[in-house]
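Visitor: I am new to this structure and would be grateful for a guided introduction to its strands. May we look at it together?

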Amino acid sequence: MSGTKDEERKGSSSEWRDAFWNPRTHELLGRTASSWGLILLFYLVFYLFLAGMFVLTMYIMLLTLDDYKPTWQDRLSTPGMMIRPKGDQLEIAFSVSETESWDGFIQNLNTFLSPYNDSYQVQMNDNCAPDQFFIQEDSGEVRNNPKRSCQFNRTMLEECSGISDRFYGYSRGQPCVLIKLNRVIGMLPGKDGQSPYVTCGAKRYRVEKEKDEWVNYTQPLVAVKFLNASVNTDISVECKINSNSLEAGSERDKFAGRVSFKLRINTK
């Protein structure tokens, strides 16, 4: 009995060794050297072909791209709008008597408006003719790049520029809120000589509205200054863009051509 078991163990061990390396047929894992060479050659050629196809595809795709303008874009029918300062969840709440409650809003506005300083605009952007689109066409194969933007000087915001009043009205309970329309490549705001403008409304107070003559494709701003807002109460405000070249915003997207935010001015 023991001899039979020993023979069975030797037989199974021999079969395992032969499966890995068979000295009689010179096969490794069931394949001869020529068989391994052929299959490795096949996979080498196969993966080189795949890599070549990938490189060729990427090369052809890169030939269709422009360094300055996207070839394809998912243009929104109505651009989104946003406010500055944003606050938490589009809520601007502060107490006039507590400086620390609105100091963050002042810093936010200063940082946001720094690129709009007149000195920077004069240096970097062109002084465009008003009420005209500043279109910079290419001439044949000569690319008119990099294209330049028109100036939008910070002083155009007047009382909301942070220059004449470095606290933007927050220290007096008459805060400024800046409205901006997101830039969309290729969009021409307004037609037939009619410039778009922003209106803001609320249920319990009047708001001073300033029109902005959008004469270029950059992001000009509209400054809204709340002169007689009700205090110690939450006020819902909605600002929207009015233009004869933009569709009305969809009800599904609350930022399409409009922005809503909450304002609360506390006296204590």
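The questions and answers that follow concern a predicted model.

Visitor: Which residues form the covered face of strand β8, residues 234–242?

Guide: In a regular strand the side chains alternate between the two faces of the sheet. The uncovered face of β8 holds Asp-234, Ser-236, Glu-238, Lys-240 and Asn-242. The covered face of β8 consists of Ile-235, Val-237, Cys-239 and Ile-241.

Visitor: How many bridges join β8 to strand β9?

Guide: Strand β8 also pairs with β6 (residues 197–201), antiparallel and over five bridges; in that pairing Tyr-197 stands opposite Asn-242. Strand β9 covers residues 258–266 and runs antiparallel to β8, with Asp-234 opposite Arg-264. The number of bridges between β8 and β9 is seven.

Visitor: Which are the edge strands of the open sheet of three strands?

Guide: The order of this sheet is β3-β5-β7, and its pairing is antiparallel. An edge strand here pairs on one side only. The edge strands are β3 (81–84) and β7 (221–225).

Visitor: Which residue in β7 stands opposite Leu-178?

Guide: Strand β5, residues 176–181, is joined to β7 by five bridges, and the two run antiparallel. Opposite Leu-178, the residue in β7 is Ala-223.

Visitor: At about what angle to β5 does helix α3 run?

Guide: Helix α3 comprises residues 99–113. The helix lies across β3, β5 and β7, the strands of the open sheet. Its angle to β5 is about 40°.

Key: Residues are numbered from 1 along each chain as its sequence is written. This is a predicted model: local features need pLDDT of at least 70, side-chain atom pairs count only at pLDDT 80 or more; totals for chains, interfaces and linings use all residues. Side-chain values use heavy atoms; hydrogens and water are left out. Buried means under 20% relative accessible area, exposed over 50%, partly exposed in between (1.4 Å probe, protein chains only). Helices (H or I, at least four residues) and strands (E, at least two) are DSSP runs, numbered from the N terminus. Two strands pair if DSSP finds at least two bridges between them. Contact means heavy atoms within 4.5 Å. Axes are lines fitted to C-alpha atoms, for helices over the stretch in contact, and angles run from 0 to 180 degrees between N-to-C directions.
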